[in-house]
Amino acid sequence: MAACFGGKTLALCHGSVMTSGNQDGFVRVRRSDLERLTTEVMQLKDFLPRVVNGDLIEMLHKARTAHTMKDQLEQEQLRQQCLHLQSRLDAVQTECQKEREEKLLLREQLWQSGAELQQQADFCSGLGSAACGLLWSCSVSEDTVSRWLADGKLQSFLVVAAQTLESFVRSLDEEEEAKTQTEELNSQEHQFVLALAGTITNVAAVSCGRDFLSCSAHVLLDTLVKLLELMTPGVFPKLKVLMLMALYNVSISVKGLRRISENPGLLPLIWTLLDDGDWEVRLHSLRLLQSVLLEEEVLVLLGSSLLDPDLQARVSRLTSSGQPSLRLAAQQTLEDLLALQQAPQSQLVLDPLSRSSET
């Protein structure tokens, strides 16, 4: 008996094995074994899909459950993170709002403090302007200056005056000096420094005050020269005139003239101010130069610096000025310079720069 199994023909014979000529193998099996094998195959075909499908479904269910739990866990973690970040955001916003309110409060306090400070500054400027105005008026009297010197308080006043003048000049913005000059020409601060400079000028106009400045106010004299160098040409001419008048009054004394002539910036300053935009500044610069030219000791000290052609050219240009007093002063100064130029060179001691150039 033959049966078809696995696409091959089997010959069922008891206990025998047959081989065909085409090398196909034949096996002899019992019918009962074949039936049992067939039954088992049938059972596997019937039950195996059920078992496999059940396990697969259970496995898929477990996988789906695990995936769902994972998603829920991730969502819970994200929710917790969001709650944490939201909590931090609320705290930061609360702190930011608090800082904003504090900033507004501080800004308000700063504005109030600035307004109060400005009021105090205006009050101090007004008080200083009034007080120095009185001092300026009182300093016209020689007896008043003598009393100040006798009281011993003039030295401290001159120190404060020098510091105030320097602070005022250095506070000027170069780009806004012209605007400041026009808008604040009559301001209390400007009147304050004018009164200080005027008081110093009047002190120097008195013989005892001039001697005191020559001997005990070297810092003040050097400060006046330095501030005149710093100020822009044509700006605050009244203040420049008062400081030049103070230097000129000091130069009336031989000691005072020798003291200010020792300042290396004096002659360069005079040269610069001879080209200033204000004619009164040029006039008082000429007077200071005249004072220098009339003292032999200073001529010996300065030497050939006074023979510089540029200095003579600048003075010569002023002889054609439309201001009579300026024109007259320029003519007199030019005559002094020409006379100095014609003097024997042996009478002049050359300054170090000229001496080094000749050697």
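Modeller: Arg170 lies in helix α3; helices here are DSSP runs (H or I, at least four residues), numbered from the N terminus. The model is a predicted one, in which local features need pLDDT of at least 70, side-chain atom pairs count only at pLDDT 80 or more, and totals for chains, interfaces and linings use all residues. Residues are numbered from 1 along each chain as its sequence is written, and side-chain values use heavy atoms, with hydrogens and water left out.

Leaving aside neighbours within four places in sequence, Arg170 is in contact with Lys226 and Leu230, where contact means heavy atoms within 4.5 Å. Met231 is 61 residues away from Arg170 along the chain, yet their C-alpha atoms are separated by 8.6 Å.

These contacts belong to a helix pair. Two packed helices are described by the angle between their axes and the distance between the axes. Helix α3 (residues 154-170) packs with helix α7 (residues 218-230) at an angle of about 10 degrees, the axes being 10 Å apart. Axes are lines fitted to C-alpha atoms, for helices over the stretch in contact, and angles run from 0 to 180 degrees between N-to-C directions. Therefore α3 and α7 are roughly parallel to each other, a term for angles under 35 degrees. On the α3 side, the contact is made by Leu158, Ala162, Leu165, Glu166, Val169 and Arg170. On the α7 side, Leu220, Thr223, Leu224, Lys226, Leu227 and Leu230 take part. The residues of this contact of α3 with α7 divide into eight nonpolar, one polar and three charged. In this count Ala, Val, Leu, Ile, Met, Phe, Trp, Tyr, Cys and Pro are nonpolar, Asp, Glu, Lys and Arg are charged, and the others, Gly among them, are polar.

Helix α7 also packs with helix α6 (residues 207-216), at an angle of about 90 degrees and with axes 6 Å apart. That makes α6 roughly perpendicular to α7, the term for 65 to 115 degrees. Here Leu213, Ser214, Cys215 and Ser216 of α6 meet His218, Leu220 and Leu221 of α7. By class, the contact of α6 with α7 has four nonpolar, three polar and no charged residues.

Notes
Helix = DSSP H or I, 4+ residues; strand = E, 2+ residues; numbered from the N terminus. Parallel < 35°, antiparallel > 145°, perpendicular 65-115°, else oblique.
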